[in-house]
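Have the model open while you read.

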Amino acid sequence: MDKTKTDIRTDLSELHFTEEPKIRVSPPGPKSQDLLKKQRELESSAVSYPRATPLAIDEAKGATIRDVDGNIYLDFFGGAGVLNVGQLNPAVMDAVEEQLGKLVHALDFPTEVRTALAGKLLELAPGQLGEGKVFFTAPTGSDAVEAALKLAMFNTGRKTVLAFQGGYHGMTQGALSASSGRKFFSDYQPTLPQTHFAPYPYPYRCPFDTDSPEECGEKSLQYVRRMVEDPHSGVTLPAAIIVEPVQGEGGSIVPPDNFLPGLREIADEHDIPLIFDEIQASNGRCGEIFSSELTGTVPDIMTVAKGFGGIGFPLGAILYREKLDEWESGAHIGTFRGHQVAMAAGLASLEFIEENAINEHVRDMEEVMLTRLKAEEGAMDYVGESRGKGLMIGVEFVRDKKTKEPYPEMAERVQELAYEKGVIFELGGHYGNVVRCLAPLVLTEKMAKTGTEILIEAIKEAEKEV
């Protein structure tokens, strides 16, 4: 890559329109309303995000968005965790423009940028994955999961999949079968047969009635072990165990430190390929390139997508150990698995993260945001818990702190008020009661503080309305 690119590590503020929101017209303004109306007339009723956040976008830069009415918002949504190095990041745009003038599509024929990206992924991969193989999938997280499941099934000759409650892995048939949310799969049964769900160690709502995160993790592991080892568990030996090292859609849930190493132990004992779905939590999202590095646990197969494309380019892949490389040619195919511009963006994004110490910056922003949120938590009547790793942060709302009854209406109102004040958040969680931050990793400390203060203001205002 061209090393003459702009070096912006000293001032991330240059990446954005501004470091604070600027609301000129009460949103949604008239131009936004017109475009939203046209979208409803022309597009499917399945369109989702503009229902909660009625936003018509004109342009974006870094972690800021300008709507068609001229309002500027802080983007704490990040395209659902896609825009890890920010919209139109100049270091990535330089690589994109250079590649765009050379070659766009090449299926899986070798090119310099493809080879460089595969090498960079293996260079960054933990443990034995770094000595393994890369397979570029079609440019979605779902297809990466499909490929991972197929690879495990091919190698083991088994069909059963063990997944976890609260997990989300995508919307295609195989990925959907491993996702636990009823709203995603209830209308599309049957999905893949023989998928079984174990309780994920969700410390705030531990399914085993303990307040100890470590004990919650241990009991979850005991449950998994019983599913695998008990001849009357109703579960045949799995082809794979698939898990998110940090759950995203489930509500920004960070498992206890003993959980992933314990899963690794069970998988090794029974020769079960362990798949880590890193689609949302990797590429620096949690303060490490891969979130599983937080506990030093190495899977057999790892999926990446979303933030892998850095600035929104669709790009997916799996990394897997050398011993699993038994596929025949064409075992998993996809027309757009050779999108050279997306690969250039992915490579430039990884280099940007390394060269600008973004992982360290993300850990600092986690401390800024969670310290402030935790300081206010006790004084808020309907905040059950603030939690997360890196810039994968969630605030869970409950009607009662003792019973922990979910309060999705409060989460929706907080999201709405924050949007009106100029900050965009996503909702998630088992009950849709978690306001989630998936901001681009390049937001400044000032932006992190401003966005957090606006979130706190929105919570206090929403609580006064009750």
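Is Cys 216 buried or exposed? Cys 216 counts as buried, at 0% relative accessibility (buried is under 20% relative accessible area, exposed over 50%, partly exposed in between, with a 1.4 Å probe and protein chains only).

Before the points, some housekeeping. This is a predicted model, where local features need pLDDT of at least 70 and side-chain atom pairs count only at pLDDT 80 or more, while totals for chains, interfaces and linings use all residues. Residues are numbered from 1 along each chain as its sequence is written, and side-chain values use heavy atoms, leaving out hydrogens and water.

1. The disulfide. A search of the whole structure turns up one disulfide (a pair of cysteine sulfur atoms within 2.5 Å). Cys 206 and Cys 216 form it, at 2.3 Å from S to S. The torsion about their S-S bond is about 105 degrees, so the disulfide is right-handed. Cys 206 sits in the loop between strand S6 (195–198) and helix H9 (213–229), with Cys 216 in helix H9, ten residues apart (helices are DSSP runs of H or I, at least four residues, and strands are E runs of at least two, numbered from the N terminus). Cys 206 is buried too, at 12% relative accessibility.

2. The cysteines left over. Cys 286 has its closest cysteine sulfur in Cys 437, 11 Å off, and that is too far for a bond. Cys 437, likewise, is in no disulfide. Cys 286 is buried at 2% relative accessible area, and Cys 437 is buried with 2% as well.

3. The structure holds 27 salt bridges (a side-chain nitrogen of Lys or Arg within 4 Å of a carboxyl oxygen of Asp or Glu). One of them pairs Glu 416 with Arg 413 at 2.9 Å, N to O. Both residues lie in helix H13 (residues 408–421), three residues apart, about one turn of the helix. Glu 416 is partly exposed at 35%, and Arg 413 is partly exposed at 24%. In helix H14, Glu 445 and Lys 449 are four residues apart, again about one turn, and their side chains meet at 3.1 Å, N to O. Glu 445 is partly exposed at 40% relative accessibility, and Lys 449 is partly exposed at 44%.

4. Lys 421 and Glu 461 make a salt bridge at 2.9 Å, N to O. This pair links distant parts of the chain, with Lys 421 in helix H13 and Glu 461 in helix H14 (residues 445–465), 40 residues apart. Lys 421 is partly exposed at 28%, and Glu 461 is partly exposed at 31%.
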